[in-house]
Amino acid sequence: MEQHINFAWKFTKGFEESYISNGLPKSAELIDIPHSVTVEPYHYFSENDYQGIFSYCKEFDDENPSFPIKILHFAGAMLTIHVYLNGLDLGEHISGYFPVDIDISRIIKKKGNLLLVKLDSRENPLIPPFGKIVDYLTFGGIYRGVSIRALPNAYINDVYPVAYADGRLILRLNYGKLDPNIKPRFILREPNSLIKEEFIDLEHVVKDVHPWSIDDPYLYTLETIYGEQHIVQNVGFRTLDWKEEGFFLNGKKVKLLGLNRHQTYPYFGAAAPKSLQEDDAKILKGFGINIVRTSHYADDESFLDACDKLGLLLLDEIPGWQFVSTKQEWRDTCVDFARRLVKKERHHACLVAYGLRIDESPDDHELYSLINKVQKEEDPFRKSTGVRNFKDSEFLEDIYSYNDFSCAGTDHGLDKPSTWKKSKGAPKLVTENNGHMFPTKSFDPTARRVEHALRHARVMDDMYGLDDLTGEISWCAFDYNTHKDFGSDDHICYHGVADIFRNPKYAAYVYASQHINNTFEIASLMQGGDFNEALMQPVYVFTDADYVELYKGETFVAKFFPNKKDFPNMPHAPIKIDDFIGDTFVEKEFSKRESRLIKEAFNFCAQNGFARLPLKYKLIMAILVLKHHYSTTQVQQLYSKYMSAWGEENAAWSIKAYKDDKIFASRSVGPSTEFHYEINIGSLTLTNGATYDATRVQILKKDQFGSIMPYADDVLSISVSGPIEVMGPNSCSLVGGGTSVYLRSKAVSKPELAKLTLSFPTEAFDYEILVK
Ligand code: GAL
């Protein structure tokens with residue numbers, strides 16, 4: 001039985017001895033957990049704001065007095081907690097990214113327990129990731145749930161199922177207190193069905209098992225019965241094979257395509273409840289990737305649960321960033337964190353390997369050998385890796401991972417893995433690329449946002465072409481808050497394929513187009529004025545279409561195919577549109593060949609300027625003048641006739657996407673003259689459970705064609721009444737044509753309706769949200 005104690009805590013800055021027995025003063029704030037010690041703006045703040053000593057207090061009754069054993073469980077508090085229950089000192093504990101369990105069986109009373117937690121969120125140089133600099137923020141607070149686990153005298157801490165695609169199931173039981181007279185029993189149930197299997201052996205074979213996979217994340221339910229204890233968990237049957245020639249899931253080779261993710265959110269910091277963790281997993285699955293790296297620490301359990309359910313593979317990692325301390329205390333904690341990481345995450349079907357080096361740290365034979373040994377003690381069934389950024393790094397793990405930032409704007413994506421000097425014979429994985437090499441904001445000019453997308457495409461294409469690479473995981477999913485030493489000075493690293501509010505940039509569609517059916521994103525507003533010299537740039541379409549057709553108004557221009565020349569390897573190369581005249585050119589006086597050359601020359605001019613015309617095209621201009629007696633003005637007029645839409649009533653272009661010669665999507669792009677807001681509410685029902693619930697309300701400004709207006713910064717006021725709260729400010733402006741408003745539920749005793757009003761100067765939107 002688990003008693004969740006997340007609502008109605010008291011909280012204050014600072015700590016006084018008197019709090020231990022008397023609780024917090026009346027002036028203390030009433031808060032719910034998950035909690036951040038401060039609500040920061042989404043950018044421009046200081047990491048010093050949330051560092052300090054804070055006190056949390058909770059009064060509670062024991063809801064399960066008949067169970068003799070009580071474990072107080074903190075799923076995550078940043079960074080250390082000193083815990084007192086009913087006036088007794090239960091010691092100081094390092095949590096950070098890991099749970100802390102404290103046996104309170106002898107202290108807990110039936111009624112009126114007083115739990116006091118002194119939290120220290122200061123960056124402690126003796127605890128990883130601290131000691132030097134870190135390119136991310138940890139924030140501070142009891143930021144994951146708190147509960148009391150009520151257990152019988154003999155109990156199991158956790159059940160680790162090792163389940164293979166051929167139906168083999170090995171169960172490893174980690175006993176809290178063993179009673180040799182009690183024999184554990186197991187029941188395995190099929191989802192949504194009455195079919196079940198009961199057994200007692202720790203090794204069992206399930207006949208005709210339905211395997212777990214990326215496209216079909218089939219999860220069984222395993223119930224472990226140990227005396228009076230019932231543990232219920234999900235199990236996915238799958239076989240992972242890391243080989244030099246690739247990664248295999250259930251015997252089938254899968255090229256890994258992924259993104260790194262930081263678990264932080266605007267305003268919430270790291271204290272985001274389950275629904276937002278699930279939201280992130282769904283967004284990533286929607287980007288069509290098949291693997292996520294939880295850079296650079298252990299994520300919330302609900303994120304891993306969501307990855308299990310969605311079929312999103314996961315690579316986790318011990319906390320840290322580039323730095324390994326020589327101090328023994330730090331090193332011991334690092335090893336302890338590795339053990340805690342494995343114990344926390346080994347039961348997840350989605351987890352394909354452990355990341356057992358501090359991200360991009362120097363080699364440290366002693367530390368990393370020990371950590372690998374610890375992993376194998378706790379989980380001999382899974383492979384390990386460790387993320388490095390230099391090519392002659394020692395190979396101690398099972399998989400050689402390397403961060404390859406060699407993509408720098410040429411046609412180069414990745415270095416050949418054969419240049420990773422000590423990786424011979426090992427399965428190889430690229431764990432980062434891009435990121436700081438080309439920070440890109442959702443409100444940057446089109447050309448930069450397109451180049452950002454193409455850089456991701458170049459890396460991806462090289463990865464698909466390199467047989468000796470298992471895959472690549474790019475930097476990164478979402479823009480994230482960071483320390484003063486990094487990012488764009490506003491405490492944001494603009495490295496995401498989506499912004500900090502989870503709104504996708506063009507780069508996200510490069511990913512989606514590989515695996516998501518009918519992806520179709522036109523990466524341009526086709527407005528010359530947004531480019532230098534008002535030149536029209538080639539238009540990229542990120543799509544899984546066989547081809548697209550371009551129309552000027554209603555008139556067919558040309559057909560374009562995936563650009564296999566520049567991107568020969570990826571499943572769906574971007575489609576490049578670079579002929580804006582095509583079939584619209586009807587000038588009878590020119591021969592076929594002349595017409596083709598004139599079109600080429602005009603397209604070249606439109607994209608590069610007259611001044612840069614190469615000789616080949618100068619010659620065709622000369623033919624116009626000499627053979628067809630065109631004056632310079634007439635040449636210009638002919639050019640304008642085809643290349644300029646200035647003043648035209650219907651200056652819009654249309655692009656239609658086809659598969660098997662059937663149209664599946666089409667959109668127009670042109671001068672934006674009418675606007676609307678698109679509002680997508682994650683959920684109109686918020687359900688309080690173990691913790692409060694939350695939802696993301698996505699707001700986008702679009703034009704009459706459905707294109708996002710990337711430079712829109714409209715002012716938005718948010719007002720709520722009833723049992724919901726806005727996280728962050730009650731007014732903001734759009735950023736890059738959109739934003740997200742985050743709402744959380746308050747505790748209710750019965751279902752209640754809350755109201756949300758989103759007001760722009762021109763119009764307002766009202767919603768009713770049910771809180772249960
Ligand atoms: C890497 C590092 C990441 C992030 C990234 C930015 O070197 O591992 O944490 O800082 O650079 O591109």
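Biologist: Which residue in E31 is the bridge partner of Val430?

Modeller: A word first: this is a predicted model, where local features need pLDDT of at least 70 and side-chain atom pairs count only at pLDDT 80 or more, while totals for chains, interfaces and linings use all residues. Residues are numbered from 1 along each chain as its sequence is written, and side-chain values use heavy atoms, leaving out hydrogens and water. Strand E30 (residues 428-432) runs parallel to strand E31 (residues 471-474), joined by two bridges (strands are DSSP E runs of at least two residues and helices H or I runs of at least four, numbered from the N terminus; two strands pair if DSSP finds at least two bridges between them). In E31, Val430 is partnered by Glu472.

Biologist: Which strands are at the edges of that sheet?

Modeller: The sheet is open and has nine strands, paired in parallel in the order E27-E26-E25-E24-E23-E31-E30-E29-E28. Two of them pair on one side only: strand E27 (383-385) and strand E28 (387-388).

Biologist: What angle does the direction of helix H4 make with that of E26?

Modeller: Helix H4 (residues 328-345) packs on this sheet and touches strand E25 (313-317) as well as strand E26 (351-355) (contact means heavy atoms within 4.5 Å). Axes are lines fitted to C-alpha atoms, for helices over the stretch in contact, and angles between N-to-C directions run from 0 to 180 degrees. For H4 and E26, the angle is about 170 degrees.

Biologist: Which residue in E47 stands opposite Met727?

Modeller: Here we move to an open antiparallel sheet of four strands, ordered E41-E43-E47-E45. Its edge strands are strand E41 (675-681) and strand E45 (724-727). E45 pairs with strand E47 (residues 738-745) over four antiparallel bridges. Opposite Met727 stands Tyr742.

Biologist: And the ligand: how much of its accessible area does the protein cover?

Modeller: Among the 13 residues around the ligand, those that come nearest are Asp135, His296, Asp359, Glu360 and His436 (a residue counts as near if one of its heavy atoms lies within 4 Å). Of the 310 Å² that the ligand has on its own (Shrake-Rupley method, 1.4 Å probe), the protein covers 94%.
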